[in-house]
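Open the model in your viewer and keep the sequence panel beside it. We will go from one selection to the next and look at what is there.

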Amino acid sequence: MNTTTLIRSSLIAFVGVVGLLATGCSTAKRSAPEAIPVVNMNLDREDYEIMGDVEETSEVTSYFNIVHIVDNDPSKMIIFGFRTFEDQYEDVPSQGIIADTIYWLGERFSGGSPTERANYTALTAAEAKGADVVVPKRVHRTMRGFSPIYKVETATVKGKALRLREDGKIQR
């Protein structure tokens, strides 16, 4: 095999690999809606008022599992686990030194949970309308991209917003 043939073969292989990546070779994963545990509040129907439906979505776009952009907002980036914004969605209590260390290491390569963010924004939206609680109906998650180079995780939370009636306003 002469040098010209080797260079030509290498060039064709390189162009083929670049072409394969450029055509959008990707994976897609769509999970079934998550089963939500039964909410048992021991309330009579007169104890609460249904405010309506609540639906919120959150998305995390990841590049090389290092840079994560939250909800397509460039001001909300997570780089090696360090946030460029105040992340009020997730509060994980201490589980001990070993569990906390493992969690911390995992956070270096994580963009956080879009499900937790969607739950938080759903509750915030319901509170803005005067609701006290959101009873979840379902969570729909999708994941697409070419991991670990590029990945987009999306979560949509659907539920019912409820307002609890005060004791003095309950008629029995």
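A polar contact here is a pair of N or O atoms within 3.5 Å, and within protein one must be able to donate a hydrogen and the other to accept it. Please keep in mind that this is a predicted model.

**First stop: T156.** Select T156, which sits in strand β7, and show T57 as well: a polar contact of 3.0 Å joins their side chains. Is T156 buried or exposed? T156 is buried, because its relative accessible area is 14%, and buried means under 20%. Now bring up its surroundings: leaving aside neighbours within four places in sequence, T156 is in contact with E55, E56, T57, R138, V139 and H140.

**Second stop: the core.** Next, select V54, A118, A122, A126, A131, V134, V139, V157 and A161, the nine residues of the largest nonpolar core. Colour them by element of structure: α3 (114-128), β6 (133-146) and β7 each supply at least two, and the largest share, three residues, comes from α3. Then centre on A161; beyond its neighbours within four places in sequence, its contacts include V54, A126 and A131, along with I50 and M51.

**Last stop: the aromatic pair.** The structure holds one such pair. Select Y63 and Y150 to see the two rings tilted, 5.6 Å centre to centre with 45° between the planes. Y63 lies in strand β2 (residues 48-63) and Y150 in strand β7 (residues 150-164), so the pair ties together parts 87 residues apart in sequence.

Notes:
Residues numbered from 1 in each chain as written. Predicted model: local features only at pLDDT ≥ 70, side-chain atom pairs only at ≥ 80, totals over all residues. Heavy atoms only, no water. Phe/Tyr/Trp six-rings, centres within 6.5 Å; stacked < 30°, edge-to-face > 60°. Helix = DSSP H or I, 4+ residues; strand = E, 2+ residues; numbered from the N terminus. Buried < 20%, exposed > 50% of the residue type's maximum accessible area, 1.4 Å probe, protein only. Contact = heavy atoms within 4.5 Å. Core = buried A, V, L, I, M, F, W, Y, C linked by side-chain atoms within 4.5 Å.
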